[in-house]
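Visitor: Could you walk me through this chain, with a focus on its aromatic rings?

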Amino acid sequence: MTDENKHTQKLFSEFTPATAAAWEERARKDLRDTPLEQLTWHTYEGINIKPYYTKEDIQQLPATKQKPGNYPFLRGTKTDANTWLNIQEINVSGDSITAIDKAADALSRGADGIHFILPQPEHFDVVYLLGKIDLNKHAVGFTLLNKLDHFPNRLYSKLHANQVQY
């Protein structure tokens with residue numbers, strides 16, 4: 001597949017395209033002749049948000065003339081496939097071993113990484129984590145709700161003791 005074909009493939013090709021006029025006609029019928037202009041949302045910042053937008057509405061926007069990866073990078077720098085990670089968030093309440101087992105299960109079923117929310121980081125079993133999850137293969141992050149200074153030192157010392165590459 002060429003780059004040109006990648007960008008022209010239609011999402012949900014099983015649906016037939018509808019014109020703006022056809023959509024407006026159907027919307028008016030469904031709304032029992034309520035004018036669509038009444039559905040425009042007026043924000044307190046003075047921005048009017050229409051109930052729908054078409055390709056014609058955005059054609060004059062400067063960002064549409066830019067391509068991803070080209071200066072001035074209005075649409076990002078990536079020009080290839082999506083490289084996002086599927087990160088499972090796990091709230092640790094009480095038993096960290098159960099949370100770590102849940103994380104290992106999520107990784108075995110396709111998650112790319114884990115993000116632990118730790119209300120009590122001093123009770124998190126770092127040794128069990130290191131024995132259960134290979135930090136060389138999976139992204140692992142933490143949100144610490146208190147005692148922020150102790151946990152990173154404890155984690156680092158356990159990583160160093162187990163000679164985990166990071």
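This is a predicted model: local features need pLDDT of at least 70, side-chain atom pairs count only at pLDDT 80 or more; totals for chains, interfaces and linings use all residues.

Guide: Residues are numbered from 1 along each chain as its sequence is written, and side-chain values use heavy atoms, with hydrogens and water left out.

Visitor: How many helices and strands does the chain have?

Guide: Helices (H or I, at least four residues) and strands (E, at least two) are DSSP runs, numbered from the N terminus. From that end, the elements run α-α-β-β-α-β-α-β-α-β-α. The totals are 6 helices and 5 strands.

Visitor: What share of the residues in the chain is buried?

Guide: Buried means under 20% relative accessible area, exposed over 50%, and partly exposed in between (1.4 Å probe, protein chains only). The chain has 166 residues, and the buried share is 19%.

Visitor: How many aromatic pairs are there?

Guide: Rings of Phe, Tyr and Trp (its six-membered ring) pair if their centres lie within 6.5 Å. Planes under 30 degrees apart count as stacked, over 60 as edge-to-face, and the rest as tilted. By this rule the count is 6 aromatic pairs.

Visitor: Phenylalanine 116 and phenylalanine 142 form a pair: of which kind?

Guide: Their centres lie 5.8 Å apart, with 20° between the planes. Phenylalanine 116 is in strand S4 (residues 113-118) and phenylalanine 142 in strand S5 (residues 139-144), 26 residues apart. Phenylalanine 116 is buried at 0% relative accessible area, while phenylalanine 142 is partly exposed at 23%. The pair is stacked.

Visitor: Why does the pair of phenylalanine 124 and phenylalanine 142 get its label?

Guide: Phenylalanine 124 sits in the loop between S4 and helix H5 (126-132), 18 residues from phenylalanine 142. Phenylalanine 124 is buried, at 2% relative accessible area. The ring centres are 5.9 Å apart and the planes stand at 80°, so the pair is edge-to-face.

Visitor: Which residues form one aromatic cluster?

Guide: Two of the pairs are described above. The cluster consists of Phe116, Phe124, Phe142 and Phe151.

Visitor: Which residue lies over the face of tyrosine 52?

Guide: A charge sits over a ring if NZ of Lys or CZ of Arg is within 6 Å of the ring centre and within 35 degrees of the ring normal. At tyrosine 52, the distance from the ring centre is 5.9 Å, and the residue is lysine 50.
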